[in-house]
Amino acid sequence: MHRFDLNQIAASPWKNGGGSTREIACWPPGAGMDAFAWRISVATIARDGPFSAFAGIDRQIMLLDGDGVHLKGDGVDHRLEQRWQPFAFSGDTALACTLLGGISTDFNVMARRGQWHARIAVVDEATTAGDCDAGLCMVLQGRWLADGALLAPGQGLWWSARQAAPLPLVPQGGDARLVRVQQQMA
């Protein structure tokens, strides 16, 4: 089980200059963009431009902050403008991305098709970390109790193997929300 704080993860600028990415977790560790089995990150989109295509990858994206973006390409015409509403699409599709206003921040999950399957859910009730093949829990709002420690927005846990004793995560107040990613081997 790995703890993280999004504010402590350095941003890497995109090659096209349109934004930056903070990689939270990648499997296997250190795998390049052509070799990962799954990857979870947060991206800041600063200007209009193309989304990178990832052949053989299933992608999911969720708006965290900002006005959102319009994604358009072969068979895709989607306005990502409501916070915390996951949208799934094929990484094979080259997409144009247009800002719907100012800078937007999104949560991204990528899984290599045929090897892994990812599911994203925003939860407001007690849940567990470590009860699936791999995954991540990140606080979106409020505070969550995990193993005696409070997690604040942008903080969380990720794991790369099912845990013998899954870790309970308990919301501390009615406004607490977190994103939970479950990764299952195909």
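Biologist: Which strand gives the most to the lining of the largest pocket?

Modeller: This is a predicted model, where local features need pLDDT of at least 70, side-chain atom pairs count only at pLDDT 80 or more, and totals for chains, interfaces and linings use all residues. Residues are numbered from 1 along each chain as its sequence is written, and side-chain values use heavy atoms, with hydrogens and water left out. At least two lining residues each come from strand 2 (12–13), strand 3 (19–27), strand 4 (38–45), strand 5 (49–51) and strand 11 (104–112), strands being DSSP runs of E with at least two residues, numbered from the N terminus. The top contributor, with 4 residues, is strand 4.

Biologist: How much space lies in the largest pocket?

Modeller: A pocket here is an open set of points on a 1 Å grid over the protein atoms alone, where a 1.4 Å probe fits, with protein on both sides within 12 Å along at least five of seven lines; lining residues have an atom within 4 Å of a point. Grid points are joined across faces, edges and corners, and the volume is the space filled by probe spheres set on the points. For the largest pocket that comes to about 550 Å³.

Biologist: Which residues lining the largest pocket are the closest to its centre?

Modeller: The lining has 20 residues. They divide into 9 nonpolar, 6 polar and 5 charged, where Ala, Val, Leu, Ile, Met, Phe, Trp, Tyr, Cys and Pro count as nonpolar, Asp, Glu, Lys and Arg as charged, and the others, Gly among them, as polar. Closest to the centre are Trp14, Thr21, Met33, Ser52 and Phe54.

Biologist: And the second largest pocket: which element gives the largest share of its lining?

Modeller: That pocket holds about 220 Å³ of space. Its 14 lining residues include Leu6, Leu64, Met138, Pro153 and Gly154, the closest to the centre. Two or more lining residues come from each of strand 6 (57–65) and strand 14 (134–141); the largest share, 3 residues, belongs to strand 14.

Biologist: Nice. Which strands stand at the edges of the open sheet of 4 strands?

Modeller: The order is 5-10-7-8, with antiparallel pairing, and two strands pair if DSSP finds at least two bridges between them.

Biologist: Is Arg180 buried or exposed?

Modeller: Buried means under 20% relative accessible area, exposed over 50%, and partly exposed in between (1.4 Å probe, protein chains only). Asp131, at 26%, counts as partly exposed. Arg180 has 8% relative accessibility, so the class is buried.

Biologist: Last one: which residues do salt bridges that share partners join into one network?

Modeller: The count comes to 7 salt bridges. One of them pairs the side chains of Arg113 and Asp92 (2.8 Å, N to O). The network is made of Asp58, Asp92 and Arg113.

Technical notes. A salt bridge is a side-chain nitrogen of Lys or Arg within 4 Å of a carboxyl oxygen of Asp or Glu.
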